[in-house]
Amino acid sequence: MGHATRCIPVIRSLLMLGHEVVIAGDGDGLALLQKEFPSLHCVELPAWGVTYPSKGSFGWHMLKQAPKLAWAIWRERREVERWVRKLGISLIISDNRLGARSKHIPSVIMSHQLKLKAPFLSAILNGYNHRQLAKFTEVWAVDVNRGDKLAGDLSTPYKEGLPVHYMGLLSRFTSGEAPSSTFDVLAIVSGPEPQRTLFEEEVRDKLYQSGLHAVLLRGKPSESADVVTQGNLRIYNHCSSAFLQELLAGAHWVISRTGYTTVMDLIVLQKKALLVPTPGQTEQEYLADRFSALGWYRIQRQGQLDISFLGQTEANCTIPPPEDPTSLDQFLFKRLKVLLKA
């Protein structure tokens, strides 16, 4: 879902620059983008079916899935080539889908994962990731090109030689809009199963018991848009970007995963947050430790939530400043001029 939502500002900017955009994806991510851009042509790609460990070695778990990953990338390559021929595509921008490239047209990959965090088998996994990224015409790193990168080591290339261009931070939201009303907590649930459901159940129970005025967003765009009220808690399966920005603006605190896209949104809107990394996802655990050490956000572990401090509205986080919102348009104009040889 995070990869899908951070594509929203890229698609908006491409349309503003006069380009015709076709959206490709699968599952809830594709469903979300279809809702955001109902007039755009959408095609479905085969799902990868990657799983993440709830415990144990991340590196070993991923290595065991190597045959599945290789098959998924091959199927994706074949499907993408078919759509390139059928629709006359002239450029591919892939968000971390390693098979979404073509030998016949420029192919770009967006990623903040240029160096994977894996306690074991790091050299093997990073070597494979580097070779896959190198097959693209360009690598667009979703981060700032400064010493204090948001993703830290993650957005620093594992080896030299990649054609990396830093595109800055991405968010579908804009800062500065005053909320129409305020409430205590907005909880945003996301991530792969079964951890997504475990997180939702824990957060829902804690919020319900707290008595705080709270909203729970389940992150299920393929389900109905009905709202359920349980005492002090309103529950949505999903909502539009405009309504989510309104909810974020009105919330004194946000509870969410330590997903990279979510953190970029929080920075743009300058929101205080309690972040809970997905168990077994070393990237989120690394980011959680990094943000905690920097004092940017409160960090807790799943299964050990204590939200008693969320009734306090004073600032308890030192949030980094947002980026210039016009930088993405400038970046895309420059890179596409080179890639399309306009």
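Predicted model: local features only at pLDDT ≥ 70, side-chain atom pairs only at ≥ 80, totals over all residues.
**Entry 1: Gln270**

I started at Gln270, which counts as partly exposed because its relative accessibility is 36% (buried is under 20% relative accessible area, exposed over 50%, partly exposed in between, with a 1.4 Å probe and protein chains only). I found Gln270 in the loop between α8 (260–269) and β12 (273–275); helices (H or I, at least four residues) and strands (E, at least two) are DSSP runs, numbered from the N terminus. Its phi is near 55 degrees, a positive value in a residue other than glycine.

Residues are numbered from 1 along each chain as its sequence is written, and side-chain values use heavy atoms, with hydrogens and water left out.

I then looked up Asn96, in the loop between β3 (92–95) and β4. Asn96 is a residue other than glycine with a positive phi, near 65 degrees.

**Entry 2: the whole protein**

I noted 10 helices and 13 strands. The radius of gyration is 20 Å, close to the 20 Å of the globule rule for 342 residues, so the protein is as compact as a globular protein of that length. That radius is taken over C-alpha atoms, and the rule is 2.2 Å times the number of residues to the power 0.38. The C-alpha trace spans about 60 × 45 × 40 Å along its principal axes. Buried residues make up 52% of the 342. Of the contacts (heavy atoms within 4.5 Å) with a separation of 6 or more, 64% are between residues 24 or more positions apart.

**Entry 3: strand β5**

Next came β5 (residues 138–141), covered on both faces: Glu138 and Trp140 are buried on one side, Val139 and Ala141 on the other.

**Entry 4: helix α6**

I checked the length of α6 (residues 195–210): its 16 residues should span 22 Å at 1.5 Å a residue, and its end C-alpha atoms are 22 Å apart, which agrees. The expected span is 1.5 Å times one less than the number of residues. Its buried residues include Arg196, Phe199, Glu200, Val203 and Leu207. An α-helix has 3.6 residues a turn, so residues three or four places apart point the same way. Among the elements covering the buried residues of α6 are β7 (183–188) and β8 (214–217). After α6 comes Gly211, with a positive phi near 80 degrees.

Is Gln300 buried or exposed? I have Gln300 down as buried, because its relative accessible area is 15%. Its side chain reaches the backbone nitrogen of Asp306 at 2.7 Å.

Lastly, Ser240 is partly exposed at 39% relative accessibility. A polar atom of its side chain lies 3.2 Å from the backbone nitrogen of Phe243.

Terms used: Polar contact = N/O pair within 3.5 Å; in protein donor to acceptor, adjacent residues only side chain to side chain.
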